[in-house]
Amino acid sequence: MEDSEASSVRQLGNGLVQECHGLLSEIEQFERFLKERGRENVVELKPFQNAVRSELRSLENLTQAEPTERSLHTLRSSNLPFCTAVWNTAKSTYGLTAFTKRFYWGTPPTRDSKRATTNPKRRCALVDIVAQDGLQWIKVSTVTENRLLFDLAKEGWEGASSDDERDGVAVGQDHDLEEDHRIEVIRQADDLRKASLAHKVRYKHPSVFLILPKISPNPPSEIASIISSLRSTGATVRLGSGSPSTDLSSIFPNLLPDQLCDLTATINIDCTILLALVSDLSHSSTNPEPWFHKAITRQIEREEKEHLLLESLWPAMIGRKLVCTEEAAQRMKEIVGCIGTVSERQRTNLILSSTSLSPEYIHTEFAKLSTYAIPPDWNIPIEVVEAHVEMQDLPPVAEKVKMKLTKINQSVFLYGWARGWCTLSSNRTVAKLIEEIVNGADATGPAIWLCSTARSLVGKEKGRR
């Protein structure tokens, strides 16, 4: 390789390394942004971040080595443009939950089927960006128009020469796209369609978006036919590359998942949340005692890192009307009366007060029982309501749900469902059960805001023996 060519290779390599450093710097800034807000676990960033780091190492090694024709080819086929396109696309979305995530569909292979075949029925699609709080799947393809034209010509030639070799499959017969198309982006779109039909988020199938930054918005007719095939899968297709904003301080807040997206103006509160609202663990620093259950000790440790009221429950409740069913209130009072401390009983009497005490007085008295400042628009006392539900007003699948729930959970979740109100709960088992039953019937179920952690009552020592 001549000196001038070697110099060009080095210049190309150095430029790519510099660009990759800039990309990685932005991703690391976003990682710090998440950690500063205690949200590093809400966005699956590591797989993509590691891919960019790997690309950087590869580019640095190529740049430091003696330039060759092979290294020139490797630099020109770098994966950096794809990584950059993914990141720029992500910055234009909102509610990120994951990067580089696989979603599966089909029947999970059994142990015997795995031995018997190298092509198990369970398939997967790789989603580059999961956005809109899980409801949008984005696939980025940096395929060029020339590449698509080449694949199109190849498919047309092979298709024309193999019409008689299809084992009796008639022209126009309906069969899977991935078995017929050698154009990768069409196979990917169809895989994403099948995967999205096998998954639901809050009772909805995710929508698929395909981003093709290297295809012009007004492509030639041959390319337009491919775009039509992509859109026929139900995907939204965006062509060309935009100009991403460089103001990361204004971008990053939009990328955070919206924890409050399902909340309604009136909130239905179940017993698990009622207990969390009055627990000593939620309102003060509690020293572990030898007689504490291990679950309480773990909750104390978690509260030191994540303040449940400040970071989760109060943001979900403030400014909204709060209700709970008679059954939930009664069960909560029974638990508090049995094992609650004095302060836990006092908080219970305040938030479920049925007297004519003013909200201002209740706020003042409650503030005396907490180390935190009580939000002025936290609407306590909570209104206790009769959970009367007309089952005919709910989808037919509600009968199946009812059969699987205890009496108290029937009163809470069916009531919230019937009124169209979101139910706050930390009962992950019940929430998952309802979701599975409703999704199996292809219906829309109750809105449930699931708190990621619970808080038990500290309780009296004699009540724990």
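Does lysine 200 count as buried or exposed, and what is its relative accessibility? In this predicted model, lysine 200 has a relative accessibility of 18%, and because buried means under 20% relative accessible area, the residue counts as buried.

## Lysine 200 and its loop

Lysine 200 is placed in the loop that runs between helix H8 (184-197) and strand E4 (207-212). Its side chain is joined to the side chain of aspartate 442 by a polar contact of 2.7 Å. When residues up to four places away in sequence are not counted, lysine 200 touches His205, Asn439, Asp442 and Ala443. The loop between H8 and E4 also holds tyrosine 203, which has a positive phi of about 70° although it is not a glycine. Tyrosine 203 counts as buried, with a relative accessibility of 14%.

## The protein as a whole

The protein has 465 residues, of which 44% count as buried, and its secondary structure consists of 21 helices and ten strands. Among contacts between residues at least 6 apart in sequence, 76% join residues that are at least 24 apart.

## The nonpolar cores

The largest nonpolar core has 62 residues, and the members that touch the most other members are Leu277, Leu313, Met332, Ile351, Trp378, Ile382 and Ile434. Helix H11 (residues 271-278) supplies the largest share of this core, with seven residues.

## Two pairs of helices

Two packed helices are described by the angle between their axes and the distance between the axes. The table gives these values for two pairs.

| Helix pair | Axes come within | Crossing angle |
|---|---|---|
| H11 and H14 (residues 308-317) | 11 Å | roughly 125° |
| H2 (residues 46-64) and H4 (residues 80-91) | 10 Å | roughly 150° |

The axes of H2 and H4 cross at roughly 150°, and H2 is therefore roughly antiparallel to H4, since angles over 145 degrees count as such. H2 passes H4 in a left-handed crossing, and the contact is made by Phe48, Val52, Glu55 and Leu59 on the side of H2, with Leu80, Cys83, Val86 and Trp87 on the side of H4.

For H11 and H14, the axes cross at roughly 125°, and the two helices are therefore oblique to each other. H11, too, passes its partner H14 in a left-handed crossing. Here the contact is made by Ile273, Ala276 and Leu277 of H11 and by Leu308, Leu309, Leu313 and Met317 of H14.

Glutamine 49 is placed in helix H2 and is buried, with a relative accessible area of 0%. Glutamine 49 and glutamate 28 are 21 residues apart along the chain, and their C-alpha atoms are separated by 8.1 Å. Not counting residues up to four places away in sequence, glutamine 49 touches Leu24, Ile27, Glu28 and Glu31.

Histidine 283 lies in helix H12 (residues 280-283) and is likewise buried, with a relative accessible area of 0%. A polar contact of 2.9 Å joins its side chain to that of serine 370. Setting aside neighbours within four places in sequence, histidine 283 is in contact with several residues, among them Leu277, Leu309, Arg347, Phe366, Ser370 and Tyr372.

Methionine 391 is found in the loop between strand E8 (383-385) and helix H18 (397-404), and with a relative accessible area of 16% it is buried. Apart from neighbours within four places in sequence, methionine 391 is in contact with Ala398, Glu399, Lys402 and Leu414. Methionine 391 and alanine 418 are 27 residues apart in sequence, while their C-alpha atoms are 8.1 Å apart in space.

## Backbone features in loops

Isoleucine 380 and proline 381 are joined by a cis peptide bond, with omega of about 10°. Proline 381 is placed in the loop between helix H17 (359-367) and E8.

Glutamine 132 has a positive phi of about 50° and is not a glycine. Glutamine 132 is found in the loop between strand E2 (123-131) and strand E3 (136-140), where, at 25% relative accessibility, it counts as partly exposed.

Methods. Residues numbered from 1 in each chain as written. Predicted model: local features only at pLDDT ≥ 70, side-chain atom pairs only at ≥ 80, totals over all residues. Heavy atoms only, no water. Core = buried A, V, L, I, M, F, W, Y, C linked by side-chain atoms within 4.5 Å. Buried < 20%, exposed > 50% of the residue type's maximum accessible area, 1.4 Å probe, protein only. Helix = DSSP H or I, 4+ residues; strand = E, 2+ residues; numbered from the N terminus. Polar contact = N/O pair within 3.5 Å; in protein donor to acceptor, adjacent residues only side chain to side chain. Contact = heavy atoms within 4.5 Å. Axes fitted to C-alpha atoms, helices over the stretch in contact; angles between N-to-C directions. Parallel < 35°, antiparallel > 145°, perpendicular 65-115°, else oblique. Left-handed = near helix turned anticlockwise from the far one by under 90°.
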